[in-house]
Amino acid sequence: TMNKKLYYLISILEVLLIAAVYPMQRLCIKKLGFLRWVNYYNNKWNKNSAVRMALMIAFLSAAILMVIAVFLYVKRHKDCNRIKILDVLICVFLTIGAFLFVIIFDTGTITVKYFGAIFYVTAAFLQNIKTICSLKVKK
């Protein structure tokens with residue numbers, strides 16, 4: 001069974017990962033040195049196709065995990081309580097949000113695009129694994 005402390009710790013980590021993007025973007029606006037540092041890594045990672053490929057592979061694996069979580073929910077929806085239903089909904093919305101962040105903000109509208117994409121995809125990946133583990137546990 002999944003330990004409740006680990007469950008809450010992963011939930012807090014997901015919130016921190018998602019919430020970290022906004023302060024990073026604000027720092028890019030306020031601090032020129034941070035902006036230069038972020039731009040350096042954005043340009044470095046933009047030239048390296050392996051980083052983009054790894055990001056897409058991570059997103060695709062998160063999407064596959066989302067499909068597995070939704071399948072498990074459909075299979076066991078009679079056994080699910082409200083928290084598990086909420087987990088599945090958050091799983092779907094986080095994965096769709098990560099997809100939109102990777103696709104929409106790849107056009108250059110946000111400065112911290114790679115950092116934000118990494119944070120969002122990681123949060124979606126963690127949520128999907130947490131949802132699958134909670135759906136596999138029968139109570």
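Me: What percentage of the 139 residues of the protein count as buried?
Reply: This is a predicted model, in which local features need pLDDT of at least 70 and side-chain atom pairs count only at pLDDT 80 or more, while totals for chains, interfaces and linings use all residues. Residues are numbered from 1 along each chain as its sequence is written, and side-chain values use heavy atoms, with hydrogens and water left out. A residue is buried when its relative accessible area is under 20%, exposed when over 50%, and partly exposed in between, with a 1.4 Å probe and protein chains only. Of the 139 residues of the protein, the share that counts as buried is 36%.

Me: How many helices and how many strands does the secondary structure of the protein come to?
Reply: Helices (H or I, at least four residues) and strands (E, at least two) are DSSP runs, numbered from the N terminus. Along the sequence the pattern reads α-α-α-α-α-α, and the secondary structure comes to six helices and zero strands.

Me: How are helix 3 and helix 6 oriented to each other, roughly parallel or roughly perpendicular?
Reply: Axes are lines fitted to C-alpha atoms, for helices over the stretch in contact, and angles run from 0 to 180 degrees between N-to-C directions. These two helices pack at an angle of about 75 degrees, with their axes 8 Å apart. Angles under 35 degrees count as roughly parallel, over 145 as roughly antiparallel, 65 to 115 as roughly perpendicular and the rest as oblique. Helix 3 and helix 6 are therefore roughly perpendicular.

Me: Which residues does T131 touch, not counting residues up to four places away in sequence?
Reply: T131 lies in helix 6 and is buried, with a relative accessible area of 0%. Taking contact as heavy atoms within 4.5 Å, and leaving out residues up to four places away in sequence, T131 touches A69, D87, V88 and C91.
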